[in-house]
Amino acid sequence: MEVRRWIDGDESAGDMLTRFSIERPFLLLLPPLHRVPLRVGNVLELVGPSSSAKTLILIQAAISCILPKDWNGVHYGGLGRLVVFIDLDCRFDILCFSTMLKRRIGQANGLLGKTNVGRDHLDTQKCDERRKSTLDYDEELYALCMRRFLYVRCYDSFQFLASLKTLHYQLKQVEEAQQSSVYLLMIDSIGAFHWVERASSFSQSSTHRKKYFPGTTSTHKVPCREYMPSVWQSFVTHRILIRASDDDSTVRHQQIGPVYLSEWLLPPLSLLDKFTVKDGFFLLVS
């Protein structure tokens, strides 16, 4: 009957596009992820060395998702949807996330002045306590957004698999309670997590043969791996390489903090964006 109703439907192309844009809206992210819009079903992989602001990029994308499009006459440009953040590194800084969310709310309300690029910069590992602002913000909106951010911490592969196995049931309950759907699923440090697990299991199985994982020593140091296995790569639809810039001329000239480069590998784009981080905001630099 459902197929018959779909065949007999008289929905126009315009009505279909309108419905589709509402049910599966584009996720237009802020720099440095602004080049390609994302839809439901896309898998975006951020690759790059440690301390290249990858986690901060995830936080910014999560904030763009949990913020509403409009609230009390103020335009925030968000989606008003739920976000699931699976932390495999177990070093997620919730205070940093809270501070960045408050600053985004304050910026939309005009409580923040124009962010100028100066000498000070936001550390990519943690929020600098000296720069935490006491600005006013909408507490009701802040609480609503925080309820939309679902945080899961996993300490080993068994917990990770158990979380994925029960995720559908848990999300169904949360969606019914909040009357909103999950739009983003984020997995932080999955690459490092995967190779640490492999190195650990290989080292344990090789103890009797007195051999070590290639590229490691007896202390089981993990070799540098940029990409996940081919099984993972087969369903990745978008990939971005994030790395620190080797050219410090921009830093000296504009008196800014560390500059990072973002390059779209999938789909390949002939663009290389330079950006820095200032008080939780990502700023493109020339």
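View 1. Residues 24 or more positions apart make up 70% of the chain's contacts with a separation of 6 or more, where a contact means heavy atoms within 4.5 Å. This is a predicted model, so local features need pLDDT of at least 70 and side-chain atom pairs count only at pLDDT 80 or more, while totals for chains, interfaces and linings use all residues. Residues are numbered from 1 along each chain as its sequence is written, and side-chain values use heavy atoms, with hydrogens and water left out. Look through the chain and you'll find nine helices and ten strands; these are DSSP runs numbered from the N terminus, with helices (H or I) of at least four residues and strands (E) of at least two. The chain has 286 residues, and 39% of them count as buried. Buried means under 20% relative accessible area, exposed means over 50%, and partly exposed is in between (1.4 Å probe, protein chains only).

**View 2. Phe 85 and Phe 92, a tilted pair.** The structure holds nine aromatic pairs. Rings of Phe, Tyr and Trp (its six-membered ring) pair if their centres lie within 6.5 Å; planes under 30 degrees apart count as stacked, over 60 as edge-to-face and the rest as tilted. Here, Phe 85 and Phe 92 sit 4.7 Å apart centre to centre, with 45° between their planes, which makes the pair tilted. Phe 85 is buried at 1% relative accessibility, and Phe 92 is buried too, at 11%.

**View 3. Phe 92 again, now with Phe 149.** This pair is stacked, at 5.8 Å centre to centre and 25° between the planes. It ties together distant parts of the chain: Phe 92 is in the loop between β4 (82–87) and α4 (94–108), Phe 149 is in strand β5 (residues 149–153), and the two are 57 residues apart. Both Phe 92 and Phe 149 are buried.

**View 4. Lys 102 over a ring.** Lys 102 lies over the face of Tyr 142, 5.3 Å from the ring centre. A charge sits over a ring if NZ of Lys or CZ of Arg is within 6 Å of the ring centre and within 35 degrees of the ring normal.

**View 5. Leu 144 and Pro 68.** Leu 144 belongs to helix α5 (residues 139–147). With 18% relative accessibility, Leu 144 counts as buried. Pro 68 is 76 residues away along the chain, yet the C-alpha atoms of Leu 144 and Pro 68 are separated by 9.4 Å.
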